[in-house]
Amino acid sequence: MKFFSQSFLYDDPWSIVSLAFFLRYPNPYAAHVISCDVIDRHQTESGSLLTTRLILKRGALPRWAPQGIISRAESWVIEESEVDPFGKFVRCRTKNLDHVKVMQVEETQLFEQNGDGYVSLILHRRVALTAVPSSRTVQTTEAYITSKFGWGMTKRIESHGLARFKAHVQRSRQGVSLILDLIRQARLQPMALGSYITHLHSERSFASSDTPASSHSPDNAGHTPEEYSSPTTENTWLGKIWGSR
Amino acid sequence: MAHSLSPECTPLKHEYDACFNTWFEGYLEPAIANANTKGHSQSQRIDYSKLKKEEYDRKCGSIWAKYKDCVQKAVTEKGLGELLSQARQENPLREPP
């Protein structure tokens, strides 16, 4: 089993980063995500929102993989998330449902507000300290990569998985930053953010409907990444590990 | 990924997503509005939660029911039912901390 852990600080408030997390599809870095559906969603009594999503991702095998190691280059991934607007955290666990014996990647992400700060104000000629919401968010990512394949390949598969996962974390952050930019821009618009983003989603020409299954064309922004990886969580592992060809 | 696992569910998905995204923005409001939300009492949280749940049911309830049905049917058709229920049994997020 391989383990990976990393933290990253976003220069945006928790509420915006959480919104970006839920609205992250589609985006140019996630062209290999074929479908995403909410299969369950409910609120707990204390006000947390629990969501379960089922996502289908396309991927390609590394060149050294034996023929027939996987019957098809697609994987079902389940994402379970919890949002607590009072405690200000989003917790999310993602893992693949099939091809588990070959490799299972279980990724956990936690988005938390990065501590509240204080500013001093001059009010009526007196200095007062007032609490301001922190404008930063910490994202902590952990992943467990396990293979039960055997045949002397286990370690190689796990190492490959971990290496690809690490190599694409930076790209996934760029994806989140992209969505955060969109949200910041949207907040300048008169319409509600949610509908604005949905409006953007429906217009984006890089939506996966245009992408044929066997090719990965460069995205509209002019980047030509070898592999696509999504901003965060679930679809990162497949894109990062198997890559796209 | 603007698609559902089954093409016939895709328009329902879009409609549901639009409704949810708008509601969700409002749902995050306590976090936006308050510097320190950890000071909220349990009863405040419960009240807020009820309010938000009612709003969600009112606005998105019917489209959610249709979308959910469509997805459940597609999941069964694709034979994913058992895989899903196994995975969900191991869910560590079932109860909030």
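This is a predicted model: local features need pLDDT of at least 70, side-chain atom pairs count only at pLDDT 80 or more; totals for chains, interfaces and linings use all residues.
Colleague: Is Phe3(A) buried, partly exposed or exposed?

Modeller: Buried requires under 20% relative accessible area and exposed over 50%. Phe3(A) has a relative accessibility of 40%, so this residue counts as partly exposed.

Colleague: Which residues make the nonpolar surface patch that contains Phe3(A)?

Modeller: The patch amounts to about 320 Å². Besides Phe3(A), its members are Met1(A) and Tyr144(A).

Colleague: How many helices and strands does chain A have, and in what order do they run?

Modeller: Chain A holds 5 helices and 9 strands. Read from the N terminus, their order is β-α-β-β-β-β-β-β-β-β-α-α-α-α.

Colleague: What is the relative direction of H1(A) and H1(B)?

Modeller: Helix H1 of chain A (residues 14-22) packs on helix H1 of chain B (residues 10-27) with axes 11 Å apart, at an angle of about 165°. Angles over 145 degrees count as roughly antiparallel. The crossing is right-handed, and the angle makes H1(A) and H1(B) roughly antiparallel.

Colleague: How are H1(A) and H3(A) oriented to each other?

Modeller: Helix H3 of chain A spans residues 169-186, and its axis lies 9 Å from that of H1(A), at an angle of about 115°. Their crossing is right-handed. The range for roughly perpendicular is 65 to 115 degrees. H1(A) and H3(A) are therefore roughly perpendicular.

Methods: Residues are numbered from 1 along each chain as its sequence is written. Chains are lettered from A and ligands numbered from 1 in the order in which they are written. Side-chain values use heavy atoms; hydrogens and water are left out. Patches are made of residues with over 30% relative accessible area and no salt bridge: like charges are joined within 9 Å, nonpolar side chains (Val, Leu, Ile, Met, Phe, Trp, Tyr) within 5 Å. Accessible areas come from the Shrake-Rupley method with a 1.4 Å probe; for residues, only the protein chains shown count as cover. A salt bridge is a side-chain nitrogen of Lys or Arg within 4 Å of a carboxyl oxygen of Asp or Glu. Buried means under 20% relative accessible area, exposed over 50%, partly exposed in between (1.4 Å probe, protein chains only). Axes are lines fitted to C-alpha atoms, for helices over the stretch in contact, and angles run from 0 to 180 degrees between N-to-C directions. Helices (H or I, at least four residues) and strands (E, at least two) are DSSP runs, numbered from the N terminus. Angles under 35 degrees count as roughly parallel, over 145 as roughly antiparallel, 65 to 115 as roughly perpendicular and the rest as oblique. A crossing is left-handed if the near helix is turned anticlockwise from the far one by less than a right angle, and right-handed if clockwise.
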